[in-house]
Amino acid sequence: MAFSLEERLQLGIHGLLPPCFLSQEVQLLRVLRNYDLKKDDLDRYVFLMGLQDRNEKLFYRVLTSDIERFMPIVYTPTVGTACQHYGLTFRRPRGLFITVHDRSHIPTLLQSWPEKDVRAVVVTDGERILGLGDLGCYGMGIPVGKLALYTACGGMPPQHCLPVMLDVGTDNTELLKDPLYIGLKHKRVRGQAYDELIDEFMKAVTSRYGMNCLIQFEDFANVNAFRLLSKYRNKYLTFNDDIQGTAAVAVAGLLAALRITKSKMSDHTIVFQGAGEAAMGIAELIVMAMEKEGLPHEACLRKIWMVDSKGLIVKGRSYLTHEKERFAHEHAQMKNLEDVVQDLKPTAIIGVAAIAGAFTQRIIKDMASFNKRPIIFALSNPTSKAECTAEQCYNLTEGRGIFASGSPFDPVTLADGRTFYPGQGNNAYVFPGLTPDRRIGCSATIEFTHTKQ
C-alpha cells in the first residue's frame, strides 16, 4: 500500500491493490490498532514477530515509536513465555540453527546465511533460559529478542545481526515428550563433543565475518558459562551477557543508589540471593569499584556475602566451586535467607536466583529497620521469578526502599499519595554500547569487569 502509482505501474500491480497510498505513519496507526485488539501479551508477541517477518522496517518503526511499551513484549518478561510456547507459535525461522551433529560442517552452514556483513552474533544453547531452566531449541527466542533491541536501542542495522541456536539436545523431559518440540530429541551432549562444537563455531564465525564480529554468549548454564568466557575472552571479541552485562547494569544501579544514600560503594555490605553467573559477575565488578575507592582487595571481598541453594556460603562448606570459594567467609553455617539478613544486617540485597518471593515480608521489613534507605534489587527474570514486587518493596519500607527489578513493574502509589516509578535493572541498557561504532567503549567496560587494570 506504500507503493506510489509509478511504482505500481512499473511492477505491474496497478489494479491489484486498493487505490489508496499509505504512508508509514498510517501503517503504524494500523499496526497499533491491531495490536490493541490482542487479548494477552503472548498474542501481542506473536503479532509483532509476524510483522518482523513480513515488514522489518515497519516492525522497527513500531518498536521505536514507544520502546518502553514494546520492549516488555519482544524482550523480558514476555519473551520467557514465548520461549516456553515456541513450538506452538513457530511460524517462520529466524536465525541459524546449528546442531551438535553438524560438527565439521559449520562453515558450510554459515554460508547458507544470506548476509555477508554480520557484526554481532548472539548465541545460546538454551540450557538456562532466564529463570525458566532448560528450554533447549525453544531458547532461540532469546537471541532473536536481544538482537531486536540491538537495532531498536543501539541503532545496529538488523542485517548486521545474527541469532544462533546451538542445539545439543535438552535434559527437559517434558520437551522430549512434546510432539511440538522443534529441536533435537535426545539428552544434552556434553564433554569433548560439546567443546569441539563451540570451538568450530567460534572459528567459523570469525573466519566468515572477521575478528571484529562480536559474539555474545547468552543463557548458557553455569557449568559452561564461566569456563567458555575464560577460554575465549582473550582470543575473540566475545561477551557473556549473563555475567558481564548483568554486572554492568547492576553496578550502574548501585552507583545510582549511592547518590541517594550519599555514601561510597565500600560503605556497603551486600548479600546476594543466588551464587551463579549473574551473582559472580556483579560481585566481581563491585569488588573492583570498591578497590577504586581505596579499599584493599580482601576487605572488598568481605563486604560481599552469597546465599545459594544450600545456604550461606562459608569457609569449610563442602563442594564449593572456585568462583564461590572466593566469596566464602568465616561464619557459622546458615540455611535461611531471613536469618542471614537478620544476622549480617546488609545495606543491600540483590536477588539473582530466580526464586519467586525470596525477599519475604520479614526480610524487607528487616532491611528497612536497619537502613534509612535499604537497597533492594529483585533482578530475576521473568516477572514471575522476581524475588519481590515493587509494591511489596515500597509498601513494606514505607517508600524508603531503593528498588530495581529485571523486568518492568507498574508505578506504585502509597496510601499517603506518593507515587514511585520502579527502576528496571535490565541488560538491555548495555546493548547500545556494544554496537560497532561504540566498540572501543564496550571493550573497555568488559575489561574492567573481569581483569584487574
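Contact means that heavy atoms lie within 4.5 Å. The model discussed here is predicted.

Q: What makes M306 a residue in contact with F272?
A: Contact requires heavy atoms within 4.5 Å. M306 touches F272, and also G274, A275, A279, M280, A283, G311, L312, I313 and F327, when residues up to four places away in sequence are not counted.

Q: Why is the set that includes M306 called a nonpolar core?
A: The term applies to buried residues of kinds such as Met, Phe and Ile that are joined through side-chain atoms within 4.5 Å. The largest such core has 69 residues, and those with the most contacts inside it are F201, F272, I282, I286 and M306. Helix α14 (residues 277-292) supplies the largest share of this core, 10 residues. Another core, of 52 residues, lies apart from it, with L51, M156, F239 and V430 among its members.

Q: Why is K345 called partly exposed?
A: Buried means under 20% relative accessible area and exposed means over 50%, with partly exposed in between. K345 has 43% relative accessibility, so K345 counts as partly exposed. K345 lies in the loop between α17 (337-344) and β9 (348-351), and its phi is near 50°, a positive value in a residue other than glycine.

Q: Why does A354 count as partly exposed?
A: The cut-off for buried is under 20%. A354 has 22% relative accessibility and therefore counts as partly exposed. A354 is placed in the loop between β9 and α18 (361-369). Although A354 is not a glycine, it has a positive phi of about 60°.

Q: Why are β8 and β14 said to stand at the edges?
A: The open sheet has 7 strands in the order β8-β7-β6-β9-β10-β11-β14, with mixed pairing. β8 (311-312) and β14 (423-424) each have a single partner strand, so one side of each is left without a neighbour in the sheet.

Q: What makes β11 and β14 a pair?
A: Two strands pair if at least two bridges are found between them. Strand β11 (residues 402-405) is joined to β14 by 2 bridges, and the two run parallel. S405 stands opposite Q424 in β14.

Terms used: Residues numbered from 1 in each chain as written. Predicted model: local features only at pLDDT ≥ 70, side-chain atom pairs only at ≥ 80, totals over all residues. Heavy atoms only, no water. Helix = DSSP H or I, 4+ residues; strand = E, 2+ residues; numbered from the N terminus. Buried < 20%, exposed > 50% of the residue type's maximum accessible area, 1.4 Å probe, protein only.
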